[in-house]
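Colleague: Could we go through the aromatic contacts in this model, and then turn to the ligand?
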Amino acid sequence: MKLQSGHEVVPLEGSEKEKQLKDFPGYAGGLIRLMPGRWLLTPMFQTVADRIYNFQHKKSDVVVMTWPKCGTTWTQEIVWTMMNSPDLDHPDSRLPILTRSPFIENDTFAPALKPGEVPPSDDPFYVAFKKVCPNKDPADGMHLQLTKHFPDPRLIKTHLPFSLMSPSLLDTCKVIYVARNPKDIIVSFHHHSRLMKLHNYVGSFADFVQYFLDDDLIYGPYWLHLKEAWERRNHKNLHFIFYEDLKANPLGEIKKLDAFLNTELTDAQLDGIVKYTSFKEMRARNNAPIFNYEQEGVTVEVLNDEVVKKDGGFFRKGESGDWKNKFTPEMDAKVNQWVQKNLNNLGLEFKYGI
Ligand code: A3P
């Protein structure tokens, strides 16, 4: 199958598929690769790929684009608050972030619905979907339609690279790209992949590092994702943020966002947003993208509780440099080599935390 983006869909087969399914039992529905690029996604992506590629973006859209675990949720919360609740008084601010800032390809991870079939009435995404598009069929892509019909200005999340999004994206709307050093990404993604049942990673940390180095984690090569964005960094509609800079100087980075977004916030509003979006406050509010929730009297187990108890939930540590507590010298050397090979010639330098 060929997508309108020009990518060929290649399902994972044989020993490669077996290995993935053994280590990630959450991918029981299989995986696909998109060539070129080796982007690794679930088969459901094929049902939304062309519609995402042809998505009609509006001038007022703001897209937060990241590879997983780079600080997407943090950035979404900052930007949503800047755009909608600068005085921290918006009534919707306690709703889960993905119902306020839709995740365009999230249907890729949602259970497939048959035409006319509806999710349970209190599924938080279905509640948001019903409010925004009451007459649409959720089986036709609940998250994609939520994104499409969301009131302006839309704050859209994606983990897809530029090459799978609309080719006119940057010429139409603003994009905020968030990058993070690969060592902290590995630690954070390893936790996330064990935490979330949809991945259910059961392999070792050392194997997880190798999956990353081989570009075999879901979404595929981080270096290529980053490279596609870095090459566009001088476009007036692209704003680049590094997690480490946001962590070291949130006020300075939020001021840059204020200038990029033309939000014209006061010093008091900027200070308020820094505090409101600190790790401590976001963790205390816990309106995370994913959580276990009650649905028609039954707990929907999105997270592995034993991982939450032992190692924390979605808001794990929120620090730069935690990789130093997990990496062996061999792992460190391998990741340094990977950076050298794939990214150093771009003139891009990671900060590895204290
Ligand atoms: P850690 O696992 O290192 O703690 P994403 O939203 O892209 O999935 O990224 C999640 C990472 O961002 C996690 O990193 C999470 O704890 C961290 N994070 C979330 N909110 C944060 C905040 N307000 N400040 C700093 N880090 C935050």
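Predicted model: local features only at pLDDT ≥ 70, side-chain atom pairs only at ≥ 80, totals over all residues.

Colleague: Understood. How many aromatic pairs are there?

Modeller: The count comes to 26 aromatic pairs. In one of them, the ring centres of Phe24 and Tyr201 are 4.8 Å apart and the planes meet at 45°, so this pair is tilted.

Colleague: Where in the chain do Phe24 and Tyr201 lie?

Modeller: Phe24 is in the loop between α1 (14-23) and β2 (32-35), and Tyr201 is in the loop between α8 (182-195) and α9 (205-213). The two residues are 177 residues apart, and their pair links distant parts of the chain.

Colleague: Are Phe24 and Tyr201 buried or exposed?

Modeller: Both Phe24 and Tyr201 are buried.

Colleague: And what about Trp230 and Phe242?

Modeller: Trp230 and Phe242 form an edge-to-face pair, with 6.3 Å from centre to centre and 65° between the planes. Trp230 belongs to helix α10 (residues 222-230) and Phe242 to strand β7 (residues 238-242), so their pair ties together parts that are 12 residues apart in sequence. Trp230 and Phe242 are buried as well.

Colleague: Which residues do ring pairs link into a cluster?

Modeller: The cluster joined by ring pairs includes Phe24, Tyr27, Trp67, Phe189 and Tyr201. Phe208, Tyr211, Phe212, Tyr222 and Trp338 also belong to that cluster.

Colleague: Moving on to charges, what sits over the ring of Trp323?

Modeller: The charged end of Lys183 does, 4.4 Å from the centre of the Trp323 ring.

Colleague: Now the ligand. How many residues surround the ligand, and which are the closest?

Modeller: The ligand is surrounded by 18 residues, and the closest are Thr72, Thr73, Ser188, Lys317 and Gly318. By class, the shell around the ligand holds seven nonpolar, seven polar and four charged residues.

Colleague: How much of the accessible area of the ligand does the protein cover?

Modeller: On its own the ligand has 570 Å² of accessible area, of which the protein covers 98%.

Colleague: Finally, which elements give two or more residues to the shell?

Modeller: Those elements are α3 (72-84) and α14 (279-285). The most comes from α3, with three residues.

Definitions and conventions
Residues numbered from 1 in each chain as written. Heavy atoms only, no water. Phe/Tyr/Trp six-rings, centres within 6.5 Å; stacked < 30°, edge-to-face > 60°. Helix = DSSP H or I, 4+ residues; strand = E, 2+ residues; numbered from the N terminus. Buried < 20%, exposed > 50% of the residue type's maximum accessible area, 1.4 Å probe, protein only. Lys NZ or Arg CZ within 6 Å of the ring centre and 35° of its normal. Near = heavy atom within 4 Å. Areas by Shrake-Rupley, 256 points an atom, 1.4 Å probe, with all protein chains shown as cover. Nonpolar A, V, L, I, M, F, W, Y, C, P; charged D, E, K, R; others polar.
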